[in-house]
Amino acid sequence: MYTPPPFKPDRAASLGFADARGFGTVCASDGTKPIASSVPFHLGALNDGTPQAFFHVARGNPLAKLADGATPWLLAVNGADAYVSADWYVSPDQVPTWLYQAVHLTGPARILSEAELAEQVDAVSAKFEQRLLPKTPWTSDKMSAGRLEAMRKAIVGIVMTIDQVEGSFKLNQHKSEADYAAVATRLGERPDIGSQQISSLMRQARPQAFAGETHPSRSVS
């Protein structure tokens with residue numbers, strides 16, 4: 001991933017973003033072309049702290065045959081994004097751009113054992129059920145044993161050991177406070193959730209740019 005220095009988050013921030021997002025596009029090569037799938041995932045770590053990404057794919061997915069434990073895979077995790085018009089800046093001679101958050105995780109992938117797969121399925125559902133509290137979390141023991149076993153046989157668990165973490169949080173960090181505030185305000189006025197989320201992130205990153213604001217625009221975090 002190409003990331004200019006002003007937009008480069010540290011490793012911890014990149015992993016934290018990926019873990020919180022929990023959904024991305026995993027990609028591998030079959031030797032002739034890339035193969036990709038969108039997957040929910042959860043992060044873990046080896047005893048030495050090396051991060052790992054756990055997910056599963058349908059047994060018929062070509063990716064299931066490519067996890068050889070040695071060949072690097074890519075897991076791309078995207079967050080909010082928004083288009084910025086050059087007309088929104090205070091300074092002249094600006095160009096349109098796109099603001100976004102993205103993290104790329106790279107490393108070899110291997111197939112999980114049946115026991116590891118059972119743990120992975122429970123862990124990933126628990127991760128996202130937590131977001132629905134105070135709803136009572138769904139757990140796999142609510143399924144009949146036969147149905148649960150049939151569902152597990154239809155999928156293949158995969159773990160990717162992450163040896164490279166790259167991130168790009170492009171939020172106009174290199175712009176003057178006047179230009180930064182002007183763009184964030186315009187984005188906050190847009191109806192789409194992506195623009196509002198980017199506006200909120202910009203406000204959180206540089207609150208001093210909005211110190212003189214009397215009526216801050218509403219934004220959605």
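Biologist: How many bridges join β4 to strand β7 (residues 155-161)?
Modeller: Seven, and the two strands run antiparallel. Ala 58 has Ile 155 of β7 as its bridge partner. Strands here are DSSP E runs of at least two residues, helices are H or I runs of at least four, numbered from the N terminus, and two strands pair if DSSP finds at least two bridges between them.

Biologist: Where do the numbers come from?
Modeller: This is a predicted model, with local features needing pLDDT of at least 70 and side-chain atom pairs 80 or more, while totals for chains, interfaces and linings use all residues. Residues count from 1 along each chain, and side-chain values use heavy atoms, without hydrogens or water.

Biologist: And how many bridges join β3 to β4?
Modeller: Four, again antiparallel, with β3 covering residues 42-45. Gln 52 in β4 is the bridge partner of Gly 44. The hairpin has five residues between these strands, and Gly 49 takes a positive phi near 95° there.

Biologist: Why is β4 largely enclosed?
Modeller: Because six of its eight residues (51-58) are buried, meaning under 20% relative accessible area with a 1.4 Å probe, protein chains only.

Biologist: Switching to α4, which elements do its buried residues pack against?
Modeller: They pack against β5 (68-84), β6 (97-111) and α5 (193-205), where contact means heavy atoms within 4.5 Å. The buried residues of α4 (residues 177-189) include Tyr 180, Val 183 and Leu 187.

Biologist: What about the whole chain?
Modeller: It has five helices and eight strands. Buried residues make up 43% of its 221 residues. The C-alpha atoms fill a box of roughly 65 × 45 × 30 Å along the principal axes.

Terms used. The expected span of a helix is 1.5 Å times one less than its number of residues. Buried means under 20% relative accessible area, exposed over 50%, partly exposed in between (1.4 Å probe, protein chains only).
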